[in-house]
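Welcome! Have a look at the structure, then try each task before reading on.

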Amino acid sequence: MAASTSSAAELPPDLLPLAYALLSASESASISSIKTLLDQGAPAWYQDDALGWSCLHYGAERRDTQILEVLLRGGAVWNAVDKWGRTAGEVCLSFGWREGWQIIRNEGVRSEDTTSAGDNLSFLKSELRWEIGDDGRERVLDADGNGVMMGWEEPLMREHVRLMLKDHPNAVEGQEGVSVLNVGYGLGIIDKLFQSYTTSPPALHTIIEAHPLVLAQMRKMGIYDWPGVRILEGRWQDFLLDGDKLGELLTSVPRGGFDVIFIDTFAEGYEDLKAFFDILPDILEPEHGVFSFWNGLGATNPTIYAVSSHLAEIHLDDVGLDVEWHDVPIPESLRSEVWKGVRRRYWDLPGYKLPIARMMLH
Ligand SMILES: C[S@@+](CC[C@H](N)C(=O)[O-])C[C@H]1O[C@@H](n2cnc3c(N)ncnc32)[C@H](O)[C@@H]1O
């Protein structure tokens, strides 16, 4: 989701002096000099070679809202990251300058510039390997060595299950049990937690999983034989965006919708998550239904994570769901030890924002 750094190689040589003049003006000159350079066509997206800083990073150090606004209007990139992965938003936060941070975050929300996390169809054809990481936990990696699912997330999955089920009337002891829809099996961490929920296991537990190697693993582990479990082999889009298949699926679900829905896929971006939000009113039981999702997009950077979470809240509101956020701290030991042998760290924040959403009451 972070914009990649843009450097001299991409800039026509005749623009280089203007680019450097804008960086320097953003650091110390007047607003009118900045405006003049922008009017002359200075490229506001440019990042210097030394730090990877853009004019917005330099402007953020000035703690002047007008400078940020002028730069953003002139084409500065809100989510450009420097050599340490920081946006101008983190520069604002480093001074405790919340107003500046909000200007940058709002620009992110306005532009909805949340690029796709990857190509889902090619991931679904790729090799996978299951292994035990240096932290002693199980993990699944894709062909490029990226973590598809990692055991360190177990405490977070546990918290998702606890918060989704704790107030649900059908999850209380002696009741029939909830109907669950989980999208994405991975290591089956959340599915095992649903099954072992203390007061009552799900009455109906539907899992949608698309990767053939994950499905083969599920067969081997006997997941198909769990009581009340139904496994739908394919992409969630195949089952939930096709009116006929959706109608057929819902006929077997009591109360016209699932009591609990969770989604955590891989190599999908914000647009996919939003498409999933759009179908929630058709598949979530309206009175007590609870929805949650793995809130992992943009989690390598605090400003981008805040933008992505805020967008999710706005879009859930658009489809009639209220979201509560639960802040879950992630211990430093979990964040630092688990990444050996993994190509790209997908998590770099001290806390997780856990969403719990319900239909708004009429
Ligand atoms: C991060 S893992 C899920 C981890 C799981 N929450 C757990 O607790 O272990 C993502 C899973 O989603 C599956 N997946 C990816 N794209 C999908 C799609 N479009 N539809 C269904 N499953 C998908 C992947 O094959 C993978 O098994």
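**Exercise 1.** Find which residues the UniProt annotation "repeat: ANK" covers, and describe the chain there.

*Solution.* Start with the record: the unreviewed UniProt entry places "repeat: ANK" at residues 51-83. UniProt positions are given in the numbering used here, feature names are shortened, and annotations may be inferred rather than shown by experiment. Residues are numbered from 1 along each chain as its sequence is written. This is a predicted model, in which local features need pLDDT of at least 70, side-chain atom pairs count only at pLDDT 80 or more, and totals for chains, interfaces and linings use all residues. Next, look at the chain itself: residues 51-83 are 48% helix and 0% strand, with the end C-alpha atoms 6 Å apart. Helices (H or I, at least four residues) and strands (E, at least two) are DSSP runs, numbered from the N terminus.

**Exercise 2.** Work out how helix 4 and helix 6 are oriented to each other.

*Solution.* First take the angle: helix 4 (residues 65-73) packs against helix 6 at about 20°, and their axes are 9 Å apart. Axes are lines fitted to C-alpha atoms, for helices over the stretch in contact, and angles run from 0 to 180 degrees between N-to-C directions. Then classify: angles under 35 degrees count as roughly parallel, over 145 as roughly antiparallel, 65 to 115 as roughly perpendicular and the rest as oblique. Helix 4 and helix 6 are therefore roughly parallel.

**Exercise 3.** Do likewise for helix 6 with helix 14, and for helix 1 with helix 2.

*Solution.* Helix 6 (residues 98-111) and helix 14 (residues 302-318) have axes that come within 9 Å and cross at roughly 50°, so this pair is oblique. For helix 1 (residues 16-28) and helix 2 (residues 31-39), the axes come within 9 Å and the crossing is at roughly 160°. That pair is therefore roughly antiparallel.

**Exercise 4.** In what order do the 3 strands of the open sheet lie?

*Solution.* The order is 1-2-3, with antiparallel pairing; two strands pair if DSSP finds at least two bridges between them. At the edges are strand 1 (128-132) and strand 3, each pairing on one side only. From one strand to the next, the twist averages 20°. Now zoom in: strand 1 and strand 2 (residues 138-142) are joined by 5 bridges, and Glu131 stands opposite Arg139 of strand 2.

**Exercise 5.** Which residues come nearest to the ligand?

*Solution.* Among the 23 residues around the ligand, the nearest are Gly184, Gly186, Ile189, Ile190 and His211. Strand 3 (147-150), helix 9 (189-195) and strand 5 (204-209) each give two or more residues to the shell. A residue is near a molecule if its C-beta atom, placed from the backbone, lies within 6 Å of it.
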